[in-house]
Amino acid sequence: MAAEGEYESILCVKPDVNVYRIPPRASNRAYRAADWKLDAPDWSGRLRITAKGKVAFIKLEDKISGELFAQAPVNEYPGVTVETVSDSSRYFVLRIQDESGRSAFIGVGFGDRGDSFDFNVALQDHFKWVKQEDEISKSAQLGDSGPKLDLGFKEGQTITLNIGQGKKRDKPRPQSAGGFGLLPPPPGGKIAPPPQSGPSNHNIIPQTGGTATGFLLELDSSNSNTVVQSNPSSDLWGDFSAPASSVPPPSRPQSATNWIQF
């Protein structure tokens, strides 16, 4: 039963509920609402579900005066106090109990399926909360009874902390394929491009003549010029070591009839 000093909370209120007298159960089979006189209920009123501590109470009260007609204390759900019928979801069997401890079974029914759904969910939520509270209390008891981990310092025990005195590790230098260590290039440095070859001080200026082609080669800064004639049929640059007088005159082309002979 609920302990003294605990407050009472209201879980669900339904304004219309019917109460029926049910025949005694002849066997272990489930109750059937078809066996009741559904068209002539024995009492009509409102239903309230309250909770005080871990116990829920289903109270049948008068609609106008609020006088208590009967109540059923529920210690667990589903259980013996509240049972469903096998042929409908709108009817239940309650075990009511008076102050002297006498009990009886009655049938209750709702006119709307939504009311019966709310009735069922209110009881399920309450006992789900009760189960969670029991698990929390059990875990707390096990934690208090179990051995506690002592993380405090023993008498005379000391520790030493080295802060900021770690050894610096030298980074390994990369090695070439031959096994010799080479220094890496400086960070952000750029490798200078190879020097470009400057303009030569020898300028070759071609000259065209009436009968031959000559080239003027500027050898030095003293403007000493040498004219070299070349054969059009030979190398374009000619022979620089031979004087201009030793160059043979260009041969005249042969007739068209002898061009096949070598």
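This is a predicted model: local features need pLDDT of at least 70, side-chain atom pairs count only at pLDDT 80 or more; totals for chains, interfaces and linings use all residues.
1. The largest nonpolar core comprises 25 residues, and I58, V82 and F119 have the most contacts inside it. Two or more residues each are given to this core by strand 1 (8–20), strand 2 (43–52), strand 3 (55–61), strand 4 (68–74), strand 6 (91–97), strand 7 (103–109) and helix 1 (113–145). Helix 1 supplies the largest share, five residues.

2. Apart from neighbours within four places in sequence, V82 is in contact with I58, V74, Y77, F92, V93, L94, F119 and L123. Two of these partners, I58 and F119, are named together with V82 as having the most contacts inside the largest core.

3. In soluble globular proteins, nonpolar side chains tend to be buried together.

4. The peptide bond joining Y77 and P78 is cis, with omega at about -5°. Most peptide bonds are trans. P78 is placed in the loop between strand 4 and strand 5 (82–84), while Y77 is one of the contacts of V82.

5. I159 is located in the loop between helix 1 and strand 8 (204–208). I159 counts as exposed because its relative accessibility is 55%, and the cut-off for exposed is over 50%.

Conventions: Residues are numbered from 1 along each chain as its sequence is written. Side-chain values use heavy atoms; hydrogens and water are left out. A nonpolar core is a set of buried Ala, Val, Leu, Ile, Met, Phe, Trp, Tyr and Cys residues joined through side-chain atoms within 4.5 Å. Buried means under 20% relative accessible area, exposed over 50%, partly exposed in between (1.4 Å probe, protein chains only). Helices (H or I, at least four residues) and strands (E, at least two) are DSSP runs, numbered from the N terminus. Contact means heavy atoms within 4.5 Å.
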